[in-house]
Amino acid sequence: MLKLVIKRLFQMVLVLLIVSLIVFILSSMIGDPVSLMVPENASPEEVQAAREYLGLDKPIHVQYLIFMRDVVKGNFGRSYRYYQPAMKVILERIPATLEIVFLSVLITGVLSVLFGVYAGAYPKRSSSKTIMTFSIIGISLPSFWLGMMMIFIFSIYFGWLPPSGRGQLGTFLGIKSSLFTLNGLKHLILPAITLSLANIATLIRLIRAGMQETLKQDYIKYARSKGVSQRDVLYKHALPNTLIPVITIFGLQVGELIAFTTITETVFAWPGIGKLLIDSIYSVDKPIIVSYLMIVSAMFVMINFLVDITYIIIDPRVKIK
Amino acid sequence: MRKLSFIGLLLLMIGMASMCFTPQVAAKSDESFEVTVGIEGDVLSFDPYVYDETISNAICDHVYEALVLTDRNLQSVPGLAESWEISDDLLTWTFHLRKDVKFHNGNQFTADDVIFSFDRAKEPYSKYSQVLGLVKDYKKLDDYTVAVNFTSPDVTFLSRIRILSILDKESFEGKDEGYVALHPNGTGKYKLAEYVREDRIVFTRNEDYWGEKPQVTKVIYKPITNDATRTANILSGNVDLIVNVPVRDVDRLRKNPDLNIIQQPGLRVIYLNYAGWTDNPSPDTKYPIISPKGDNPFKSLKVRQAMRHAINIDEIVERIMNGFATPTATYCPEFFVGYNPDIKIPEYNPELAKKLLDEAGYPVQDSGQLKGYRFQVTLDAPNDRYVNDAQVAQAIAGYLEKVGIKVYLNLMSRNVFFTYIRTSNPMGDVTHFLMTGWADSSGEGVTKALDLLYSYDQTGPVKEGFGDVNRGYYKNPEVDRLIDEALATMDVDKRAELVRKVWEIAHNDVAYIPLYFEHDIFAARKNIMYHPMPNKYVYAWDIEIVK
């Protein structure tokens, strides 16, 4: 087990190095941050002075080496846009994104399992067919459009929920989050559902297919003949055996949720890191772009590691070499 | 399994109990006037020097003030300086500072703070070094008097000094701009109460303000970048006022009995520039001009006149901008000093355009790569910076093609575009024809003229600090002379007359083709009165709650 952890850590460092190199080079090609920071009528001397102040007059490999040297010291550079340390800016915004992701993961997990198991156990019922139709709709419709429709219906038409923004923060066990206030939850519901819809749709189909496969197996017949209740047959015996592919996909979805909530955050004016990313790309804020993508890569590696561990827990036959 | 669900239930109950203890929103007292505004972006920094852009400036103006303030006609009124004198040779200005002003943290405002701020304006991260462009030096005469000496007269100094906020020397000396951004401390009408990036900016009224206090005691600015979401917010009552209403939502909001639409022509003018004063246009470009004789067609006055007659500006305003733009014959807004009302928009006349092009020596070719056209140019334009910019650029290309000018349309995202057209572009000189916008809130026509029309050579400025937005390398020594003279003329009427001549000459030279001024559109709840600034700065003191 220890060998596994060390091997994975080494892999993570390697991935981070490669990602940092690629991102650094690519973000130097998407535009010139200096032009966006100096006034339009700045003289060539002023532009040059600004370039030197940001350290952008040096050749690209020198810039990269300086950046990596600072990273080792824990300094991820200073945002061109906010004049604050890049890591600080990112960490400030992460809690907001984690809130909607957490709620979305909860909703996705519960709903996809309930509907997927049901549709897999009773595929011929019309209610199952309805579930599958909704699942196709969920996959096909773009999430931002669904988000806007929900704002229109629940906020403007019915007036039940606020249209955008983050609610009030509350404290629970020392953690400050808008999950802990009623006002906060009201603001969280619509963006969390928007994030979940496509994922629920995908997972329902996956679980249903898996359940249909599994329920044909002999040991299920044996369990039924033994007198095991339907509920236990479905959830205790069949479901765990369908979960391996589901968890893989789910892990990837969680990673994507955390890293790329950009569109949902823009539609709902949610102050998270997805919006930070798109704003930074538009203004070519290299320190933030590079730091952000490095964090995200580390996170994906970590999630995949956790997924592998979960395999071992669920399926005793799996041994990781 | 049972144990797990029991623990889960317990946690849930504890959680719900803790929610009951979260602080409730305080009941509003009769004295408080609170308003929530949906703006289109967040402030970039609370350090007023590191950015010169609309939203950041407007937000910082709540906390910070300058020696001179701006009224709703963009004219200068006393601010932290209650009066000033100008020497007869116009080379020395003496400012008398207000004596009863305190910063938000209680520190007294004195001349030391002014000197500190002037020094800071020249730092590399500051965007305001131009403010002191013609200043030779400045010194403190006593605690409430500052003298500023100039290398040459700067009659528009007031319109420049009013954008330079005054910072407290004691709080900020020796601190970097990161610190200043996190600890705002100014003399302004509001104090920063809360700031969550991209979520909200909360200001409360400065009860010790030196001047007339605004009505609104608490204002919450919510940055909402998505247009549709902003509209949703005003429709659902989540905010009281929104800025920059998208044109497609205006009718819908107008029909709503709880809302008012406020609309006025803004300061941003959209226009075309072309390299008409050089034999070697855009030498480094990948898409050069293709003309039958290999010369630069923009050099010909008739060609430029033809282009002007080829464009149907009324159709653009009506069809693309839905009526939310005002066509213009000049760069200069109507209420600026030096506006020339006698310049008219040339009529839309494509037949005349074709005739002029023939006369200029550019007939339609009947063979070769220009078959069916007279010559080819590349139009560079942004596609995500100005309202419907991509569509307008496409329309322009269409109109020009109808009279025989082939247009290669090169649309770019803003962060690429503004590097592309800059004179210090690392790729070199790559543009010979572009569409862009410019807004100036000085209130002075001469400031616009010196930025946009003063001679600028392909190799660099003819005069340092002049013509930095003159993208066509327009050169006219008469225009330069008039601008120089206007800058040394203190008398407003005489200055206006000189500037009027500048616009007239530029119009006759067809130095540029102005298209239209964008409109500013706001929506507010019926109980809110809003008097917008013409420069799109949203100020809480322009908002009044009518009960």
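Q: What percentage of the residues in chain B is buried?
A: A residue is called buried if 20 or more other C-beta atoms, placed from the backbone, lie within 10 Å of its own. In this predicted model, where local features need pLDDT of at least 70, side-chain atom pairs count only at pLDDT 80 or more, and totals for chains, interfaces and linings use all residues, buried residues make up 47% of the 547 residues in chain B. Residues are numbered from 1 along each chain as its sequence is written, while chains are lettered from A and ligands numbered from 1 in the order in which they are written.

Q: Why does the radius of gyration of chain B agree with a compact globule?
A: The radius of gyration is taken over C-alpha atoms, and the globule rule is 2.2 Å times the number of residues to the power 0.38. For 547 residues a compact globule would therefore have a value near 24 Å, and the 27 Å of chain B agrees with this. Along its principal axes, the C-alpha trace of chain B spans about 85 × 75 × 45 Å.

Q: Which strands pair with β19(B)?
A: Strands are DSSP runs of E with at least two residues, numbered from the N terminus, and helices are runs of H or I with at least four; two strands pair if DSSP finds at least two bridges between them. Strand β19 (residues 513-525) of chain B has 12 of its 13 residues buried. Strand β12 (residues 259-274) of chain B runs antiparallel to β19(B) and is joined to it by 11 bridges, with Leu259(B) partnered by Arg525(B). Strand β13 (residues 325-327) of chain B is also antiparallel to β19(B), over 3 bridges, and there Ala325(B) has Glu518(B) as its partner. Strand β11 (residues 241-242) of chain B pairs with β19(B) in the antiparallel sense over 2 bridges, and Ile242(B) stands opposite Ala523(B).

Q: How many residues does the largest nonpolar core have?
A: In soluble globular proteins, nonpolar side chains tend to be buried together. A nonpolar core is a set of buried Ala, Val, Leu, Ile, Met, Phe, Trp, Tyr and Cys residues joined through C-beta atoms within 7 Å. The largest one here has 202 residues, and those with the most contacts inside it include Leu67(B), Ala449(B) and Phe522(B). Helix α8 (residues 182-215) of chain A gives the most to this core, with 13 residues.

Q: How many residues of chain B are in contact with chain A?
A: Two residues are in contact if their C-beta atoms, placed from the backbone, lie within 7 Å. By this criterion, 43 residues of chain B are in contact with 44 residues of chain A. Helix α7(B) gives the most to the side of chain B that touches chain A, with 5 residues.
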